[in-house]
Amino acid sequence: MTEAAADAPLRVSTLELFFDLVFVFAITQLTGTVSRDATVSAGFRVLLIFGALWWMYDGYVWLSNARTPVLTTERLLMLTGMAGFLIAGLAIPHAFGRDGVALGIGYLILVVVHSVLYQRVNRNIARVTPFNLATALLIIGAGVAGGWAAYLLWAAALAVLALSPLIVRVRGRFAIQPSHFAERHGALVIVVFGESVVDIGIGAQGHAVTVSLGLSAVLGLALNAALWWAYFGFGDDDRAEEAMLAADPADRPALAFTAYFYPYIPMLLGVVALAAGVKEAIVNSERTLPGAPCVAMGCGVALFLGGTAAVRHALRTGAVRYRLAAAAACLAASAVGVTVSVAAEMALLMVIVAVALVVERRAAAGGQREAAGGQGEAAPRDGTSVEP
């Protein structure tokens, strides 16, 4: 390995959590974009922006996973990187218009700071930095060009990032400490859930707290709680960490991509879509709404469940079919918000997730009892299953 295992952190630092809050501000800006303009073109813009920002956010996770920023210089550089994220986040509402260049400059700050900090602990980052710099320059170019050219340049920027792991092999060049990695991503999910709850308050702002509004707010909170349960309630985060620990250290960087980078794209976008839908539905709970907010809620829950299933599949930590079936049912549940009421849709979505988790739990416990009966051993108390 190229990095000293002794330098790797075991727990997430407060500076990293501070960094996460700035990243989540960008997530909030994306939620606002979907809320204001629930069109296909707006959704495409959100995907492009999120893809680039998520790449650099996870790049900083890998950086702090290599060594906790404890020196004053390192902390100041991290704060500079946070400033880049803040500038990029502020530019999101008009990223394909007047503030496109500003977003690109913020992204360039992120890339430069990341490269300088990583160079201090692992010189292999020099193989990745050219791709990150090319992405930043393409985003700046998109801001200058505007129009359809901006979309093409943004797509090219995402293509550069997507191709870089195929060109620069990470095996043996980077070390991953599973405990820190799992804790950092779990902390991010918690912060994103918290921001989603804040969006409920924003949606209700200026309206009287009636029985109807209170009920819809509670349903929105319950939906987020159901997704929290899907991620944390059955120890999935702990089993993911254990699976990473059991893997060959040389294989961990690839697992970090397949289990923590790609699956978190639908998970985080799912929370964005859900928050955007709930924000619109919070004051319209007693009536139906046009398709966009209802579809956003159904797709948001489905995307999150699909992402958790992808993590389980990548690390072989549990069954996936119940979550995939629930995801499909959530997509269909969008019709309830259009034909009955958005409150009915939120309630149905919560029931779908709850039923799927209960069935999954019982199936896992039954499988463990059968295995224990065949081996003459007690089943694990958490009732986990490694069923694909």
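Tyr264 has a relative accessible area of 1% and is therefore buried; buried means under 20% relative accessible area, exposed over 50%, and partly exposed in between (1.4 Å probe, protein chains only). The model is a predicted one, in which local features need pLDDT of at least 70, side-chain atom pairs count only at pLDDT 80 or more, and totals for chains, interfaces and linings use all residues. Residues are numbered from 1 along each chain as its sequence is written, and side-chain values use heavy atoms, with hydrogens and water left out.

**Aromatic pairs**

Across the whole structure, a search finds 30 aromatic pairs. Rings of Phe, Tyr and Trp (its six-membered ring) pair if their centres lie within 6.5 Å; planes under 30 degrees apart count as stacked, over 60 as edge-to-face and the rest as tilted. Two of the pairs are set out here.

| Pair | Centre to centre | Angle between planes | Class |
|---|---|---|---|
| Phe23 and Tyr57 | 4.4 Å | 20° | stacked |
| Tyr260 and Tyr264 | 5.8 Å | 25° | stacked |

Phe23 belongs to helix H1 and Tyr57 to helix H2, so that the pair joins distant parts of the chain, 34 residues apart. Phe23 and Tyr57 are both buried. Tyr260, the partner of Tyr264, also counts as buried, at 2% relative accessibility.

**Helices H1 and H2**

Helices (H or I, at least four residues) and strands (E, at least two) are DSSP runs, numbered from the N terminus. Helix H1 (residues 14-36) packs with helix H2 (residues 40-66) at an angle of about 175°, and their axes are 11 Å apart. Axes are lines fitted to C-alpha atoms, for helices over the stretch in contact, and angles run from 0 to 180 degrees between N-to-C directions. H1 and H2 are therefore roughly antiparallel to each other, a term for angles over 145 degrees.

Helix H5 (residues 129-145) has 17 residues, which at 1.5 Å a residue should span 24 Å; its end C-alpha atoms are 24 Å apart, in agreement. The expected span is 1.5 Å times one less than the number of residues. Buried residues of H5 include Phe131, Asn132, Ile139 and Gly143. The buried residues of H5 pack against H2, helix H4 (100-119) and helix H6 (147-167).

In helix H9 (residues 236-246), the buried residues are Asp236, Arg239, Ala240, Glu241, Ala243 and Met244. They pack against helices H7 (178-204), H8 (211-233), H10 (252-261), H12 (291-315) and H13 (321-339).

Thr80 is a residue of helix H3 (residues 72-91). With a relative accessible area of 37%, Thr80 is partly exposed. Leaving aside neighbours within four places in sequence, Thr80 is in contact with Ile109 and Val113. Between Thr80 and Ile109 lie 7.7 Å in space, C-alpha to C-alpha, and the two are 29 residues apart in sequence.

Arg316 is found in the loop between H12 and H13. Its phi is near 55°, a positive value in a residue other than glycine. Arg316 counts as exposed, at 53% relative accessibility.

Notes:
Angles under 35 degrees count as roughly parallel, over 145 as roughly antiparallel, 65 to 115 as roughly perpendicular and the rest as oblique. Contact means heavy atoms within 4.5 Å.
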